[in-house]
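Look over the sequence and the fold before reading on.

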Amino acid sequence: MAQGNFSRVTEFILLGLSDTRELQVLFFTLFLLAYTMVLLGNLLIIVTVRTDPKLSSPMYFLLCNLSFMDICCTSITAPRMLVDLLSRRKAIVFEGCIAQLFFLHFVGSSEMFLLTVMAYDRYTAICKPLHYTAIMSRWACWALVSSCWAGGFLHSIIQTLLTIQLPFCGPNTIDNYFCDVPPVIRLACADIYVTQWLMASNSGLISLGCFLVLVTSYLFILATLQGRLTEGHWKALSTCASHVMVVTLFFVPCIFTYLRPFSAFPFDKYVCVIYTTFSPVMNPLIYTLRNNEVKESVWRLWKRCRV
């Protein structure tokens with residue numbers, strides 16, 4: 001810590017998921033496997049969608065962007081965690097901690113908005129099929145994705161500014177494997193009552209709001225299809241079911257983490273694993289194994305690569 005009229009924290013110590021060596025080796029193996037699956041699975045989706053003209057619909061354009069966001073989101077936390085699992089001293093400088101916090105919220109909130117857009121895409125395709133191509137035009141898709149990134153940046157910059165204006169002069173130990181808003185601001189040498197509620201209103205309400213919009217869109221879809229399910233509708237509902245699985249894995253832990261005062265629970269860091277690592281692993285599995293068009297495109301890509 002730098003010395004002066006007061007001591008200011010220049011680095012944080014991450015406690016990680018466990019201090020037991022055997023468990024650290026086990027976690028390293030599991031998370032290395034998970035991170036590899038995230039990279040390979042999502043890269044496969046991106047390459048498949050980009051190279052197959054048959055996957056040119058808005059749904060696959062949005063899926064390609066979701067895969068890119070999954071890679072970015074996991075890469076913000078996983079490499080650092082893997083290094084720390086093999087290190088004795090798990091320190092991160094103050095600036096690095098703030099940067100990790102900023103990019104995690106930037107990409108994470110952008111992904112929340114994108115999942116909401118994907119739900120709107122499914123709603124339009126199923127409930128307004130005659131107007132689908134006009135509503136979800138190429139220009140509209142690019143505008144929606146750009147809005148997701150812009151909304152994510154605005155959210156993240158607010159969170160970051162609220163964090164860096166706090167004084168950090170006391171303990172510097174974070175009971176987690178990455179820097180996030182709740183554990184970081186609990187270390188501030190100031191009254192954080194107002195700040196924590198501002199942050200909860202920001203992150204928590206965004207998570208809850210997007211989740212409610214998603215649930216509402218699926219209720220509208222079910223109400224529209226009630227009593228007149230065709231083979232095409234069953235196919236669409238199957239896609240929606242995959243989307244619901246992704247949404248549940250991603251949003252429920254985020255709502256639990258951010259929509260409450262930032263009191264610490266021992267299992268908070270394990271809840272974080274779900275939306276930072278487990279959900280990005282599941283996305284390529286869900287969207288490839290449950291989607292015949294993607295599976296056929298992957299198979300065609302594999303045959304072209306073997307020639």
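Predicted model: local features only at pLDDT ≥ 70, side-chain atom pairs only at ≥ 80, totals over all residues.

Residues are numbered from 1 along each chain as its sequence is written, and side-chain values use heavy atoms, with hydrogens and water left out.

Helices (H or I, at least four residues) and strands (E, at least two) are DSSP runs, numbered from the N terminus. Helix H1 covers residues 21-51. The expected span of a helix is 1.5 Å times one less than its number of residues.

Burial is a matter of relative accessible area: buried is under 20%, exposed is over 50%, and partly exposed is in between (1.4 Å probe, protein chains only). The buried residues of H1 include Gln-24, Phe-27, Tyr-35, Gly-41 and Asn-42.

Thr-77 sits in helix H2 (residues 58-85). Its relative accessible area is 0%, so Thr-77 is buried. Contact means heavy atoms within 4.5 Å. Apart from neighbours within four places in sequence, Thr-77 touches Gln-100, Leu-104, Phe-178 and Thr-276.

Val-145 belongs to helix H5. Val-145 is buried because its relative accessibility is 3%. With neighbours within four places in sequence set aside, Val-145 is in contact with Phe-61, Leu-62, Asn-65 and Leu-114.

## Salt bridges

A salt bridge is a side-chain nitrogen of Lys or Arg within 4 Å of a carboxyl oxygen of Asp or Glu. The whole structure holds 4 of them.

| Pair | N to O distance |
|---|---|
| Arg-89 and Glu-11 | 2.4 Å |
| Asp-84 and Arg-80 | 3.2 Å |
| Lys-269 and Asp-175 | 2.8 Å |

Asp-84 and Arg-80 both lie in helix H2, 4 residues apart, about one turn of the helix. Asp-84 is buried at 6%, while Arg-80 is partly exposed at 26%.

The salt bridge of Lys-269 and Asp-175 links distant parts of the chain, 94 residues apart: Lys-269 is in helix H9, Asp-175 in the loop between S3 and helix H6 (181-185). Lys-269 is buried, with a relative accessible area of 10%. Asp-175 is partly exposed at 41%.

## Aromatic rings

Rings of Phe, Tyr and Trp (its six-membered ring) pair if their centres lie within 6.5 Å; planes under 30 degrees apart count as stacked, over 60 as edge-to-face and the rest as tilted. The count is 16 aromatic pairs. Phe-12 and Phe-168 are edge-to-face, 5.9 Å centre to centre with 90° between the planes. Phe-12 is in strand S1 (residues 11-14), and Phe-168 is 156 residues apart from it, in the loop between helix H5 (138-164) and strand S3 (173-174). Both are buried.

Phe-68, Phe-102, Phe-103, Phe-106, Trp-149 and Phe-153 make up one aromatic cluster.

## A surface patch

Tyr-193, Val-194, Trp-197 and Leu-198 form a nonpolar surface patch of about 430 Å² accessible area together. Patches are made of residues with over 30% relative accessible area and no salt bridge: like charges are joined within 9 Å, nonpolar side chains (Val, Leu, Ile, Met, Phe, Trp, Tyr) within 5 Å. Accessible areas come from the Shrake-Rupley method with a 1.4 Å probe; for residues, only the protein chains shown count as cover. Tyr-193 lies in helix H7 (residues 193-225). Tyr-193 is exposed, at 52% relative accessibility.
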